[in-house]
Amino acid sequence: MAAGAPVIEAKGLNLTFQTGDGPVHALKDVNLTVNRGDFVSFIGPSGCGKTTFLRCVAALEHPTGGTLTVNGMTPDEARRKRAYGYVFQAAGLYPWRTIAGNIALPLEIMGFSKAEQAERIERVLELVELKGFGKKFPWQLSGGMQQRASIARALAFDADILLMDEPFGALDEIVRDRLNEELLKLWAATGKTIGFVTHSIPEAVYLSTKIVVMSPRPGRITDVIDSPLPKERPLDIRDSREFIEIAHRVREGLRAGHGDEV
Amino acid sequence: MREKVLPVLSVLGIIVVIWYAAAVWMNSTWVYDQAERAGTTVSFAEMVPQTMAQDRPLLPPPHQVVKELWKGVAGQAVTSKRSLVYHGFVTFRGTMMGFALGIVMGVALAVSIVRFRVMDMSVMPWAIISQTIPIVALAPMILTVSNQLGIDNREVPKAIISAYLSFFPVLVSMVKGLRSPDAMQLDLLRTYNASESETFWKLRLPASMPYFFASLKVAVAAALIGTIVGELPTGAIEGLGARMLIGSQFGEPLIMWAALFASAILAGMLIVLVGTVEQVARRRMGGPA
């Protein structure tokens, strides 16, 4: 598939949860196209459906209306083809496995040979700058290192889509800045398509080629911003005029979404 | 180490003091009766020594129990019917059989309860009800039934009674342990398209291990109690339970108390053993040393 070809396509996507208090519209009429190699951030307040959308793409939730395709397949088919790696808010490493053992988990399930497992573990540990930590147990690593290990785990089986649900949400800002920088490097090195859920405006603007602004009740898209920032992004780009303009537009989008409620 | 030993020794000291006081108080009745029959009187100072060395005291003082225990452990060949080592080994063997059976039953039931909803709804309530029936009422029935089935070996009903008590803590803990992985952990495996059995072997089972080992300490103590109860009504002539019954029936309190202490020591040894196994397993599963 050529770069720039659509990878994720949502048309008129709806998802309604039936709860004790009546139906909840988690997603309403969501239309979105994500192209190969895009870094797409989903930003919005709690309950806007950003995580739900990501979970739909990963076939962890099933839409009640509209169409959603991943690489031209249904999300379920794409999951069976191992189209994506998923990174959760918590690292969720198994405490009884070493870091290398944790990265081996998806590889074991997917039936890679022992030799190939070892080779891939080495490669992804290097990618996330954890070389030499393979034999450590999770409790011996800091929170930021654990999250890097969980990213390595998602990268190990070469899925071309990386879905990240607030992966740095629980980390402090200094560690977060560093991991953001590393994530951009990783993205440049691997050319993966990344879907990234966040609460933070600077994080979304700094990382993304496309920012999807969402609003709650019902969860819907209020704005899609294609970032004019260059691919090469040093941390101090955040002081540039373009950066501040985009951040301003995101904030406006978030405010507009909230305005509807009142 | 010293911080650990000191509180334990202080409590032990207090218990010994209370015990001696109680022994004097309870055994004094006999001393006064004897004196009355002989038409003499005894002073308090004369009475106290006489409460310390009776043949059949109501409450034997600690040193008598220790002496009897020592006699039972070191005073004879370990193969002798009077040896507490011999009887202790019989009880230990029964406990281990019941413990093993209880672990197998508890784990097997827990796995099927977590796997099949219908088992959860049908078996779990009965497992709880099973523990409300007093084991002393059930033990003779188990013996009669196994006799009826033509099982002559006394070890079998004993192991069943022991397992009946010890499977329950394992079952409850394992159900909790196998269900301990949260939604995120399960979602992660779903994104790998992992099968039900892969989820079990790679996530649920290892996640349940801390719960499993915590339950073993309770289960091994329950297995010991089950074995001793199983040795009481079965007409058994071997084992610490039988020894206690003999002591009580033949009015030999010293034998009874020595057997009681032997079983307490056995219980302590079993718990240390299980604790050691737990520590080894925890290290092997990457826990902090």
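In chain A of this predicted model, residues 24 or more positions apart make up 71% of the contacts with a separation of 6 or more. The chain is built from eight helices and nine strands. Its radius of gyration is 18 Å, close to the 18 Å that the globule rule gives for 262 residues, so chain A is as compact as a globular protein of that length. Along the principal axes, the C-alpha atoms of chain A fill a box of roughly 55 × 40 × 40 Å, and 44% of the 262 residues count as buried.

Six strands of chain A form an open sheet with mixed pairing, in the order β5-β6-β7-β3-β8-β9. At the edges stand β5 (84–87) and β9 (220–226) of chain A, each with a single partner strand, so one side of each has no neighbour in the sheet. From one strand to the next, the twist averages 15°. Within this sheet, β6 (residues 161–165) and β7 (residues 193–198) of chain A run parallel and are joined by five bridges; here D165(A) stands opposite V197(A) in β7(A). Helix α5 (residues 143–155) of chain A packs on the sheet, where it touches β5 and β6 of chain A, and its direction makes about 165° with that of β5(A).

Chain A also meets a partner. The contact involves 21 residues from chain A and 15 residues from chain B. On the chain B side, the elements giving two or more residues are α8 (183–191) and α9 (196–231) of chain B, and α8(B) gives the most, with six residues. By class, this side of chain B has seven nonpolar, four polar and four charged residues.

Technical notes:
Residues are numbered from 1 along each chain as its sequence is written. Chains are lettered from A and ligands numbered from 1 in the order in which they are written. This is a predicted model: local features need pLDDT of at least 70, side-chain atom pairs count only at pLDDT 80 or more; totals for chains, interfaces and linings use all residues. Helices (H or I, at least four residues) and strands (E, at least two) are DSSP runs, numbered from the N terminus. The radius of gyration is taken over C-alpha atoms; the globule rule is 2.2 Å times the number of residues to the power 0.38. A residue is buried if 20 or more other C-beta atoms lie within 10 Å of its own, exposed if 12 or fewer, and partly exposed in between; C-beta atoms are placed from the backbone. Two residues are in contact if their C-beta atoms, placed from the backbone, lie within 7 Å. Ala, Val, Leu, Ile, Met, Phe, Trp, Tyr, Cys and Pro count as nonpolar, Asp, Glu, Lys and Arg as charged, and the others, Gly among them, as polar. Two strands pair if DSSP finds at least two bridges between them. Axes are lines fitted to C-alpha atoms, for helices over the stretch in contact, and angles run from 0 to 180 degrees between N-to-C directions.
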